[in-house]
Amino acid sequence: MKALVTGISGFVGSHMAEYLLRQGVEVVGTIRNRSRMEHIRHLLKDIRLVECELRDPFSVETLIDDVRPDLIFHLAAQSFVPTSWNSPIDTIHNNVAGQVNIFEAIRRFGLDTKMQIACSSEEYGHVEANEVPIKETNPLRPLSPYAISKVAQDYLGYQYYKSYGLHVIRTRTFNHTGPRRGENFVTSNFAKQIADIEKGKKPPVLHVGNLEAKRDFTDVRDVVRAYWLALEKGEPGEDYNIASGTCCTIAEMLALLLSFSKEKIEVKTDPSRLRPSDVEILLGDYEKFHKRTGWRPEIPFEQTMRDLLDYWRAQP
Ligand SMILES: Nc1nc2c(ncn2[C@@H]2O[C@H](COP(=O)(O)OP(=O)(O)O[C@H]3O[C@H](CO)[C@@H](O)[C@H](O)[C@@H]3O)[C@@H](O)[C@H]2O)c(=O)[nH]1
């Protein structure tokens with residue numbers, strides 16, 4: 001069994017590769033010439049890397065013809081919401097064109113590859129109070145160019161399934177975190193700031209944005225297990241929420257992180273961290289996925305956050 005992981009050098013990609021190797025699967029991953037390798041350095045002897053620009057149809061066609069994967073985990077994306085306001089077209093082009101190029105190549109070579117595509121709870125966007133926990137049937141009211149790009153990826157998955165019978169599973173994953181999470185994202189950003197304060201690299205002031213938002217966090221190690229099950233047991237063409245089924249405010253998440261440290265830390269709002277529009281609440285209902293695959297999250301949030309802080313503490 002051969003799996004192709006796009007974005008293998010990224011946060012989720014590196015955990016996905018580890019999980020697949022443990023299943024005895026042959027792993028091929030895409031990188032770009034500017035990809036950083038620190039998350040997969042320990043895996044290099046066990047995986048094969050292929051340089052590929054997903055936005056370039058020729059590059060993708062060459063990749064798919066060469067690898068002919070049984071499974072694809074399509075994780076590569078511009079995944080940071082604030083970047084999508086600064087470069088909306090780039091975000092949409094990157095996320096949408098890359099996926100269309102993969103679909104087209106699979107179609108052209110007539111492969112029966114099973115594909116998981118990383119859609120997002122951001123697609124739900126504005127959610128009414130009586131709509132939580134959010135089911136897959138909820139209206140999509142996206143609030144950022146990033147969310148729009150994910151709606152497009154999601155519906156393209158549906159359309160390619162309907163039009164051509166491609167085996168596509170759409171996973172709408174809620175926030176996820178854990179060791180190696182990029183430092184822009186809120187959990188990692190706060191954990192890194194605390195670790196830097198503990199190391200004396202930074203004064204004891206922690207900068208924050210909107211602490212009122214509510215998010216549903218799952219451990220990345222539970223998420224990659226869900227992606228595997230999605231291809232093993234998911235119904236082609238379907239969408240599935242991957243979530244913990246609980247949520248907390250960003251302030252509560254910060255309080256938990258601060259409780260792990262002995263430092264006295266002042267919390268200060270940095271207006272540049274506030275967004276033109278922020279999704280107020282994301283709380284997912286993962287019952288549909290659970291019924292189909294038996295998956296449920298296993299790693300407690302407190303453990304995830306401890307592991308994340310320890311990860312940053314261990315960085316030079
Ligand atoms: N990044 C960041 N966010 C902050 C900060 N302070 C407060 N926040 C708030 O923390 C929440 C989470 O922000 P992010 O970690 O940047 O994640 P996100 O915007 O919710 O998007 C993530 O989850 C999506 C799934 O719901 C993913 O699709 C997306 O790629 C990303 O991982 C947002 O409400 C944001 O305004 C800060 O200093 N930095």
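Arg215 is buried, with a relative accessible area of 6%. Here, buried means under 20% relative accessible area, exposed means over 50%, and partly exposed lies in between, with a 1.4 Å probe and protein chains only. The model is predicted: local features need pLDDT of at least 70, side-chain atom pairs count only at pLDDT 80 or more, and totals for chains, interfaces and linings use all residues. Residues are numbered from 1 along each chain as its sequence is written, and side-chain values use heavy atoms, with hydrogens and water left out.

Arg215 is found in strand 9, residues 214-215. Helices (H or I, at least four residues) and strands (E, at least two) are DSSP runs, numbered from the N terminus. Contact means heavy atoms within 4.5 Å. Glu266 is 51 residues from Arg215 in sequence. In space, the two are 23 Å apart, C-alpha to C-alpha.

Ser121 lies in the loop between strand 5 (114-120) and helix 5. Ser121 is buried, at 2% relative accessible area. Its neighbours within four places in sequence are again left aside. Ser121 is then in contact with Arg172, Thr173, Phe174, Asn175 and Leu282. Pro133 is also placed in the loop between strand 5 and helix 5. The peptide bond from Val132 to Pro133 is cis, with omega near -5 degrees.

Two arginines have positive phi values. For Arg68, phi is near 45 degrees, a positive value in a residue other than glycine. Arg68 is placed in the loop between helix 2 (57-67) and strand 4 (71-74). Its relative accessible area is 39%, so Arg68 is partly exposed. Arg180 is not a glycine either, yet has a positive phi of about 85 degrees. Arg180 belongs to the loop between strand 7 (176-177) and helix 6. Arg180 counts as buried, at 14% relative accessibility.

Helix packing comes next. Two packed helices are described by the angle between their axes and the distance between the axes. Helix 6 (residues 186-198) and helix 8 (residues 250-259) pack at an angle of about 30 degrees. Their axes are 10 Å apart. Axes are lines fitted to C-alpha atoms, for helices over the stretch in contact, and angles run from 0 to 180 degrees between N-to-C directions. The crossing of helix 6 and helix 8 is right-handed. A crossing is right-handed if the near helix is turned clockwise from the far one by less than a right angle, and left-handed if anticlockwise. Helix 6 contributes Val186, Thr187, Phe190, Ala191 and Ile194 to the contact. These meet Ile250, Met253, Leu254, Leu257 and Leu258 in helix 8. The contact residues divide into nine nonpolar, one polar and no charged. Ala, Val, Leu, Ile, Met, Phe, Trp, Tyr, Cys and Pro count as nonpolar, Asp, Glu, Lys and Arg as charged, and the others, Gly among them, as polar.

Ile197 also lies in helix 6. At 5% relative accessibility, Ile197 is buried. Leaving aside neighbours within four places in sequence, the contacts of Ile197 include Lys202, Val205, Glu263 and Ile265. Val60 is 137 residues from Ile197 in sequence and 44 Å away in space, C-alpha to C-alpha. Lys262 lies in the loop between helix 8 and strand 13 (266-269). Lys262 counts as exposed, at 86% relative accessibility. Lys262 and Glu198 are 64 residues apart in sequence, but 8.5 Å apart in space, C-alpha to C-alpha.

Aromatic rings form a further group of features. The structure holds 10 aromatic pairs. Rings of Phe, Tyr and Trp (its six-membered ring) pair if their centres lie within 6.5 Å; planes under 30 degrees apart count as stacked, over 60 as edge-to-face and the rest as tilted. Tyr160 and Tyr164 form a tilted pair, 5.2 Å centre to centre, with 50 degrees between the planes. Tyr160 and Tyr164 are separated by about one helical turn because they are four residues apart in helix 5 (residues 145-164). Tyr160 is buried at 6% relative accessibility, whereas Tyr164 is partly exposed at 39%. Ring pairs also link Tyr240, Tyr286, Phe289 and Trp295 into a cluster. Lys288 lies over the face of Tyr240, at 5.1 Å from the ring centre. Arg181 lies over the face of Phe185, at 3.8 Å from the ring centre. A charge sits over a ring if NZ of Lys or CZ of Arg is within 6 Å of the ring centre and within 35 degrees of the ring normal.
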